[in-house]
Amino acid sequence: MDKIRVIQVGAGRFGQSWLKVLGEYEHVELAGVVDVVPDNLAAAKSIAGLSDSQLFDSLESAVQAVQADMALIVTPPHSHKNIALEALRAGLHVVLEKPLTHTFDEAAELYEQSKKYDKHVMISQNYRWRPCIQTLRKLIQDQVIGRVGYVEYDFRKKINVGGWRNEMQEILLEDMSLHHFDIMRYVFGKEPVELYAQSFKPYWSWFNGNPAAGAMIEFEDDIRVNYFGSWVNRGQETTWNGNVRICGELGAIEMTDDQISIWKEESAEPVTVELEEAQYGGDRMSSLHNFVQSIQTNTAPLTAIADNIRSFALTCAAIQSTQSQQKVKLDEFYGGHGVQW
């Protein structure tokens, strides 16, 4: 089967790591790279072994010069909507780095506009593809602890992300918690109903915005989640996936340092669970592979915009809750932004 030809838009620090993923995946071919910063284009040329004729300062000039099937957009969130729509108008499938857009109104507009095109739009929520997350989902699906009652979700890191992210007012919720909220939806196979969130900035923080937040989230079937995350941690850290304790009628599932164990009520000791095998190389490559398969088979990718907008909504609802200091019901949140399912 022919390779999928890709135009990558954005070749900054994270974009350069994406170039390496594309180079290692045998089912795609990099047709060109777009960036407005000459140094980024020079780095892309070196990393991917491109010629000058494959380097562009706009998507418009790229689609006029090279043949392509999809656009991979790795740019700041405020540019996502317009670039994605430009790519769709040019006849390209679209993969966006998360978050979907900068605001939920932009996400709702992109979602509605994308329906006009016979092309796939996917957001790369790569954490879903990690073996520990795949295993956690399977254990819940198999009901090894019966019906889930409540969940403790803890994330702790000490990091300085730098760049445009440091300008985000709700840096943790916007750029990190989104991963964890998406994991929750994926693992439980349930949608959030309501939440109450608070964010704050500890006095020692090096961020401009709020790098710590907590949320109480109610999912369908009365599943309650107590979530806390920090990017200015003191003491022991978690992995990027966080530590999770899921309690049900028959026991508990614990994920600590990406290792999973099951506690059953009749047993005094936990049982360690063997993790699922990686789907396809690394997590981003698995996400890319899923998207390429969706193009080849004309089926929806796992994290299509129709699914991912719900994870983004949970993040935006959490931000609304921190600002209003009130509980937010998701149905009312969607209605307030004109989204109907």
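Tutor: Start with residue classes: Ala, Val, Leu, Ile, Met, Phe, Trp, Tyr, Cys and Pro count as nonpolar, Asp, Glu, Lys and Arg as charged, and the others, Gly among them, as polar. This is a predicted model, where local features need pLDDT of at least 70, side-chain atom pairs count only at pLDDT 80 or more, and totals for chains, interfaces and linings use all residues. Residues are numbered from 1 along each chain as its sequence is written, and side-chain values use heavy atoms, without hydrogens and water.

Student: How do I read a pocket or a cavity?

Tutor: Picture a 1 Å grid over the protein atoms alone. A cavity is a set of points where a 1.4 Å probe fits but cannot get out. A pocket is an open set with protein on both sides within 12 Å along at least five of seven lines. Lining residues have an atom within 4 Å of a point.

Student: What volume has the largest pocket?

Tutor: About 890 Å³. Volume here is the space filled by probe spheres set on the points, with grid points joined across faces, edges and corners. The lining of this pocket has 36 residues, and F14, G15, V74, W164 and R165 lie nearest its centre. Helix 1 (13-24), helix 4 (80-89) and helix 7 each give two or more residues to that lining. Helices (H or I, at least four residues) and strands (E, at least two) are DSSP runs, numbered from the N terminus.

Student: How do the residues of that lining divide?

Tutor: The largest pocket is lined by 17 nonpolar, 10 polar and nine charged residues.

Student: How much space lies in the second largest pocket?

Tutor: About 270 Å³. It has 16 lining residues, with H102, T103, F104, C316 and I319 closest to its centre. Helix 9 gives the most to this lining, with six residues. By class, the lining of the second largest pocket has eight nonpolar residues, seven polar and one charged.

Student: How many cavities of 30 Å³ or more does a search of the whole structure find?

Tutor: One. The largest cavity has a volume of about 40 Å³. Its lining residues are L136, Y153, I183, M184, V187, F188, V244 and I246. Helix 7 (171-188) and strand 11 (243-248) are the elements that give two or more of them.

Student: Which element gives the most to the lining of the largest cavity?

Tutor: Helix 7, with four residues. Now apply the classes to this cavity: eight lining residues are nonpolar, with no polar and no charged residues.
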